[in-house]
Amino acid sequence: MSMNLGVFTGRLGRDAEKKSVGHNNTGLLSFSIAVDPPYQKKDDGPMWVQCALWGKRAEGTLGDYLNKGTQVCVSGELSINEWEDSKDGLPRFALAMNVSNLELIGSKSDSSGQQSRSEPTNDDTDDEIPF
């Protein structure tokens, strides 16, 4: 059995959705990220990746930080979702990822020069750190 693994950095297109699915009420956190491929024209728009995070991490507070515009880096198993468009009957495709690792690497305010969520906010402890 082979797996398709990928790593993407992008921004959330909307707030993450938290659900419980199946008879075991397994936690599911779903979100989509917009990824700008490096050699693509800006007019073409981003590539979208539909992401699903399962289990205990999805049931915790992580979803509170996954808001529209937040920059993340995700890695996991890739697949292609295929469906038929209900309007015109044409086949549609989307890149999907079962996320195994997620890193918050910025916030919406990073581009405006404001402080990121990942930066320390308490300056009182800086003098106590020996390095």
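Author: Among the contacts in the chain with a separation of 6 or more, 61% are between residues 24 or more positions apart; contact here means heavy atoms within 4.5 Å. Before we go inside, please note that this is a predicted model, in which local features need pLDDT of at least 70 and side-chain atom pairs count only at pLDDT 80 or more, while totals for chains, interfaces and linings use all residues. Residues are numbered from 1 along each chain as its sequence is written, and side-chain values use heavy atoms, with hydrogens and water left out.

The chain has six strands and one helix, in the order β-β-β-β-α-β-β from the N terminus on. Both kinds of element are DSSP runs numbered from the N terminus: helices are H or I with at least four residues, strands are E with at least two.

Let us start with the pairing, where two strands pair if DSSP finds at least two bridges between them. Strand E5 (residues 71–84) runs antiparallel to E6, and 13 bridges join the two; here Gly76 stands opposite Val99. Six residues lie between these strands in their hairpin, where Gly89 takes a positive phi near 75 degrees. E6 also runs parallel to strand E4 (residues 47–54), with four bridges between them, and Gln50 stands opposite Ala96 in E6.

Now for the interior itself. Of the 131 residues in the chain, 31% are buried; that word means under 20% relative accessible area, with exposed over 50% and partly exposed in between (1.4 Å probe, protein chains only). A nonpolar core is a set of buried Ala, Val, Leu, Ile, Met, Phe, Trp, Tyr and Cys residues joined through side-chain atoms within 4.5 Å. The largest one has 19 residues, and those that touch the most other members are Phe8, Phe31, Ile33, Val49, Leu66, Val74 and Val99. At least two residues of this core come from each of E1 (5–12), E3 (26–35), E4, E5 and E6.

Phe8 shows the packing well: beyond four places in sequence, Phe8 touches Ile33, Val35, Met47, Val49, Val72, Cys73, Val74, Leu78, Leu95 and Met97. Cys73 counts as buried because its relative accessible area is 19%, and Cys51 does so at 3%. A search of the whole structure finds zero disulfides, a disulfide being a pair of cysteine sulfur atoms within 2.5 Å.

Ser32 is found in strand E3 and counts as buried because its relative accessibility is 14%. Leaving aside neighbours within four places in sequence, Ser32 is in contact with Arg11, Leu12, Gly13, Arg14, Trp48, Val49 and Gln50. The loop between strand E2 (17–21) and E3 holds Asn25, which has a positive phi of about 55 degrees although it is not a glycine. At 49% relative accessibility, Asn25 counts as partly exposed.

Finally, a word on confidence. pLDDT is the predictor's confidence in each residue, from 0 to 100; the chain averages 82, and 79% of the residues score at least 70. Over residues 111–127, pLDDT stays under 50, and the model has twelve contacts beyond four places in sequence for that stretch.
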